[in-house]
Every structure is written in structure tokens, then in C-alpha cells.
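This report describes selected local features of a protein model. Please consult the sequence and the structure shown below while reading.

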Amino acid sequence: MDFQSCVNIKKEWDIVGARQLGRDIAKKVGFGNVDQARIATAISELARNIYLYAGSGKVCFDAIDELNEKGLRIVAIDEGPGIQDVSQVMEDGFSTSGGLGAGLPGVKRLMDEFDVISRQGEGTEIKVVKWLR
């Protein structure tokens, strides 16, 4: 899969960079302010998870412009320890960081498509898509 652009996540400040780039791309795709905010929030959560749990990784963006569909695909990739129990982290309120616990269930609610692939000791890849309505 070819991505338009990626932001490497190594330090906390990179979360802001990923959020800003994603919001800019969302705006270019044609998303309104409310959806831009939803997308930016999802990106923050995905990037923060990379920073907190994997140490480093990247968030990649791809504008989708197909036949009758426009949208934004975001993929968060890391080579961290992996998610031990994906079903557990998908429960509302679950938090290992003591955060608000919106976490991945929050990301899933904010976006239209959500997919997690995680392998112990190899890392995690989370793909999300928001479609322009």
C-alpha cells in the first residue's frame, strides 16, 4: 500500500505533528470541521498509543478518491510488544495507562472502519477509515 505521507512517532511532540498533518489532509479531502476534529482525535489516540506502548512507530495517511467514495485512510504501525488481548483493550473504559480509557474503542466510534492486527513481540498495525458523507 502506498501512503501519501507518514509521520514518525518517536517523541511526544510527534503526536502533535501527526494530528496536524492528518487534519490538513482531512480538510483537503473535504471533511468539515466536526469530522476534522473527530479524525484529529483518533490520530492523537493512535499516535499516543505508539509513543506510550511501543516507543516508536509511524502514522500514515492516504486520501481515498475512488468512483463514488472519498475518504481518509490512517494506518498506525509500530514494532512494539504487541497487544496481548485485543478484545480486552476494545472494552470501554479499559486503560493500562491510567488515561481516560477512550482509547481504541473511542477511535472505533470516531471512525467508520477499524481494524487491528497485533502480534506478540512483533508489533501492531491499526487501520482506520473515515468516509466523506
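How many disulfides does a search of the whole structure find? The search finds one disulfide, the term denoting a pair of cysteine sulfur atoms within 2.5 Å.

## Basis of the report

The model is predicted: local features need pLDDT of at least 70 and side-chain atom pairs count only at pLDDT 80 or more, whereas totals for chains, interfaces and linings use all residues. Residues are numbered from 1 along each chain as its sequence is written, and side-chain values use heavy atoms, with hydrogens and water left out.

## The disulfide

The bond joins Cys6 and Cys60, whose sulfur atoms are 2.1 Å apart. Because the torsion about the S-S bond of Cys6 and Cys60 is about 110 degrees, the disulfide is right-handed. Cys6 belongs to strand E1 (residues 5-9) and Cys60 to strand E2 (residues 57-66), so the pair ties together parts that are 54 residues apart in sequence. Strands (E) are DSSP runs of at least two residues, numbered from the N terminus.

Cys6 is partly exposed, at 37% relative accessible area, whereas Cys60 is buried, at 0%. Buried means under 20% relative accessible area, exposed over 50%, and partly exposed in between (1.4 Å probe, protein chains only).

## Thr124

Thr124 is located in strand E5 (residues 123-131) and counts as buried, at 7% relative accessibility. With its neighbours within four places in sequence left aside, Thr124 is in contact (heavy atoms within 4.5 Å) with residues including Ala76, Asp78, Ile83 and Ser118.

The side chains of Thr124 and Ser118 also make a polar contact (2.8 Å). A polar contact is a pair of N or O atoms within 3.5 Å; within protein, one must be able to donate a hydrogen and the other to accept it, and residues adjacent in sequence count only if both atoms are side-chain atoms.

Definitions and conventions:
Helix = DSSP H or I, 4+ residues; strand = E, 2+ residues; numbered from the N terminus.
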